[in-house]
Amino acid sequence: MSEKPVSSGGAPATSAAESMETIVSLAKRRGIIFPSSEIYGGLNGFFDYGPLGAEIKRNIRNAWWQDMVHRRDDIVGLETSIIMHPKVWEASGHVEGFTDPMVDCKVSKQRFRADQLFFSPVVVTAEDGTTSTVAYVSALEGDDTAGELQKKAEELKRKKAIRGTLVPVMAKDITEAAPEEIPLIPSPATGEPGSLTPPRAFNLMFSTHVGALADASSVAYLRPETAQGMFVDFKSVVDTGRVKLPFGIAQVGKSFRNEITPRNFIFRSREFEQMEMEYFIHPDADWFACHESWLQWCQDWLVSIGIPREQLSLHEHPKEKLAFYSRRTVDIMFKYPFGVQELWGIAARSDYDLKQHAKHSGKPMEMFDEATKQKFVPHVIEPAVGVDRILLAVLVSAYYEDVVEGEKRTVLRLHPRIAPYKVGVFPLLKNKPQLVERAQALYKRLKRRWNVFYDEAGAIGRRYRRQDEIGTPWCVTIDFDTVEKDGTFTIRDRDTLQQKRISEAELIAFLDEKVD
Ligand code: GAP
């Protein structure tokens, strides 16, 4: 749980986003995220971002682009097409190997990702000390697997009146099951054994046809990652972009994966947005130091947009699980309500991708070293992150409940850069034309630079509450002193609840500093 700031009302603010329901219900209530095609019952793994969600997402994307591309001299941006030549995906290895292991339940017709399906033999020890396997239990990832399996094993033992002491269960994923164990493992869909198939490889790429003919020659794919665009266009960028090593190419855009089990709201969906950057270095450069510095940069960036450092951790991929071309991969993990999960992957991918495309296209992917007068293929460090996963982490980190003046308040403590509205502008009373006019003039002035919200409906306290719930960091109120005295107005801070008087020029300078 995050640190608990104390509201001026005296009650501690609690980060209540420990269950996904809280976040899902806020997202729906306030128009942040909806299921896609909801009026037709939704489509599993697809989501729409409502007016506020679209703003938050755009702010994340813009902040990344600003910091990754505009504020650095060594990175350029790129936008490549979603559908690329199918040979791209042969060269990259996706046609052959971009698969997840899948298990079917023949009775329910449901499909499961095998590495998210856990099982365990129920082993009992008899009075004479002999042990025997009496049944199998199964659970899905995210069900607190070991605890869930133990509970199920105990239930089974009770139901079947099995005698003996239960040996604590060990969770294994179903890809580790021996072939003779598969028919004995109950399907999570039916609770009965016998209906699960052995795991088989399922390719996650969505395919389509380009042109009027729908035959094998016209098959194409929706990109499953944006990264290949940077490799395929590498030579064009080098030849036209006046770039010098080390340099990076960054891209933000949609990617598509036909996930077997899209889960946990927008965490794993079938259409999502990636922000990827390929950082090219000389083959003799210190790749490890470069990888470490990107790892640090990415963590610092997440903290800079409001994700608490203590909710982040690192997962180093074990050497034996790395692809043969990969030197190192470390994931930045975030503590989501459903568990600690991957947010951002930082991979050292050697020169594999460029060499693969050179081989498959017949076009060289080399640079020229002036010092040695030799050609070489650069190596690459790749930080790859999903916008939707950041957005979910941002919402989880920002969600608080506290009590203000005796009333329960839900507040999104969003970083000002990420908040959909930067300021709420209110006239104190809506039936006083001089207050309304002055408030609207300020609203229009601020709107030229920032997304701001004008509200004149209801009591001021209610108007504050509405802005708190959608994360607006500041609200300003135009009162009689504004129009009759010095032109200053009250600014109220969402987090400290403190209020002070400020002039228009001071407000603009303040926003300049805090938001931009
Ligand atoms: N080019 C490397 C690459 O795509 P990845 O680990 O498969 O690596 C990078 O994906 C990031 O994209 C992940 O860390 C995650 O943030 C995001 N991502 C991947 N699959 C996703 C999905 N199904 N739904 C939402 N985000 C996803």
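How far does a polar side-chain atom of Q274 lie from an oxygen atom of the ligand? The gap is 3.0 Å, inside the cut-off for a polar contact, which is a pair of N or O atoms within 3.5 Å (within protein, one must be able to donate a hydrogen and the other to accept it, and residues adjacent in sequence count only if both atoms are side-chain atoms). Keep in mind that this is a predicted model, where local features need pLDDT of at least 70 and side-chain atom pairs count only at pLDDT 80 or more, while totals for chains, interfaces and linings use all residues. Residues are numbered from 1 along each chain as its sequence is written, and side-chain values use heavy atoms, with hydrogens and water left out.

**Around the ligand**

| Residue | Ligand atom | Distance |
|---|---|---|
| E225 | nitrogen | 2.7 Å |
| Q274 | oxygen | 3.0 Å |
| R389 | nitrogen | 3.5 Å |

On its own the ligand has 560 Å² of accessible area, and the protein covers 89% of that (areas come from the Shrake-Rupley method with a 1.4 Å probe; for residues, only the protein chains shown count as cover). Strand 14 (271-281), strand 17 (339-348) and strand 20 (379-386) are the elements that give two or more residues to the shell. Strand 20 has the largest share, with 4 residues. Helices (H or I, at least four residues) and strands (E, at least two) are DSSP runs, numbered from the N terminus.

In total, 18 residues surround the ligand, and the closest are E225, R257, E276, E342 and L343; to be near, a residue needs a heavy atom within 4 Å. Sorted by class, the shell has 8 charged, 6 nonpolar and 4 polar residues. For that sorting, Asp, Glu, Lys and Arg are charged; Ala, Val, Leu, Ile, Met, Phe, Trp, Tyr, Cys and Pro are nonpolar; the others, Gly among them, are polar.

**The whole chain**

Zooming out, the chain has 14 helices and 27 strands. It is divided into domain 1 (16-97 + 208-307 + 346-396), domain 2 (100-202) and domain 3 (421-514), with bounds from an automatic or database domain assignment. The C-alpha centres of domain 2 and domain 3 are 59 Å apart, and the C-alpha trace spans about 90 × 75 × 50 Å along its principal axes.

Of the 516 residues, 50% count as buried, where buried means under 20% relative accessible area, exposed over 50% and partly exposed in between (1.4 Å probe, protein chains only). The chain exposes about 24,700 Å², and carbon and sulfur atoms supply 51% of that area. Among contacts (heavy atoms within 4.5 Å) with a separation of 6 or more, 64% come from residues 24 or more positions apart.

D67 sits in helix 2 (residues 51-70). Is D67 buried or exposed? With a relative accessible area of 13%, D67 is buried. Its side chain makes a polar contact with that of R417, at 2.8 Å. Leaving out residues up to four places away in sequence, D67 touches R72, W297, W301 and R417.

R465 belongs to helix 12 (residues 460-469) and counts as buried because its relative accessibility is 17%. Beyond its neighbours within four places in sequence, R465 is in contact with V404, E405, E407, R409 and R492. Helix 12 is mostly covered, with 7 of its 10 residues buried; Y464 and D468 are among them. After helix 12 comes G471, with a positive phi near 85°.

K109, in the loop between strand 4 (99-104) and strand 5 (111-113), has a positive phi of about 65° although it is not a glycine. K109 counts as exposed, at 66% relative accessibility. N264 also has a positive phi without being a glycine, about 55°, and is found in the loop between strand 13 and strand 14. At 28% relative accessibility, N264 is partly exposed.

Look for the cis peptide bond too: it joins L245 and P246, with omega about -10°. P246 is in the loop between helix 7 (234-241) and strand 13 (247-256).

Last stop is K359, in helix 9 (residues 352-361). K359 is exposed, at 63% relative accessibility. K359 and A91 are 268 residues apart in sequence, yet their C-alpha atoms are 8.0 Å apart in space.
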